[in-house]
Amino acid sequence: MAALPRAALPACQPHHERATFNMNKFLLSTLLIATLGIAGCGGSAGNEQKLADQVTKAVYNDDMVGVTANMDSEAAQQVTRASLGAVSDLMHRMGNYQGLTETGTDIPTHRYTFDAKFDHGDLTIKLRLDADGKIAGYHVITGPPA
């Protein structure tokens, strides 16, 4: 079998470059779809932090309506003026509320842990959401998350 002349090889180059370009387009579009999928999950992942922050601010402000606004009916019934006042007083002894950061996530059980920062220390916030995204549990524990 005769070898192809050297001059014939460059003629094959554009086909190879086109195949590489098409593969790169495919990989880029696949990466883009994967990134958007992850970002979509991340969008809902931020919701629990937003809820935790809203409820923590409402607890700090001793605001019963704000605390129970995003709770399921069972959790809302467990909040009393006395328990809300006690936790609000605890938070005020810690100083000004500075915000919180998520420190733990258990997605299958919809449980999230946050570190709430105050002027004079940290509190651990445990949040549990129901299947509809409503708050099914909100617990405050003294000290930062372990």
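Predicted model: local features only at pLDDT ≥ 70, side-chain atom pairs only at ≥ 80, totals over all residues.
View 1. Together β1 and β2 make a hairpin in which four residues separate the strands, and H110, which sits in the turn, has a positive phi of about 60°.

View 2. The open sheet is built from four strands in the order β1-β2-β3-β4, and their pairing is antiparallel. At the edges are β1 and β4, each of which pairs on one side only. Neighbouring strands of the sheet are turned against each other by 25° on average, with direction ignored. Helix α4 packs on this sheet, where α4 touches β2, β3 and β4, and the direction of α4 makes about 45° with that of β4.

**View 3. The largest nonpolar core.** This core has 26 residues, and those with the most contacts inside it are M91, F118, I135 and Y138. Two or more residues each are given to the core by α1 (9-60), α2 (64-68), α4 (81-93), β1 (97-106), β2 (111-118), β3 (121-129) and β4 (135-142). The largest share, six residues, comes from α1.

**View 4. The surroundings of F118.** F118 is among the residues with the most contacts inside the largest nonpolar core. Leaving aside residues up to four places away in sequence, F118 touches Y60, M91, M94, G95, N96, Y97, Q98 and L123.

Definitions and conventions. Residues numbered from 1 in each chain as written. Heavy atoms only, no water. Core = buried A, V, L, I, M, F, W, Y, C linked by side-chain atoms within 4.5 Å. Buried < 20%, exposed > 50% of the residue type's maximum accessible area, 1.4 Å probe, protein only. Contact = heavy atoms within 4.5 Å. Pairing = 2+ DSSP bridges. Axes fitted to C-alpha atoms, helices over the stretch in contact; angles between N-to-C directions.
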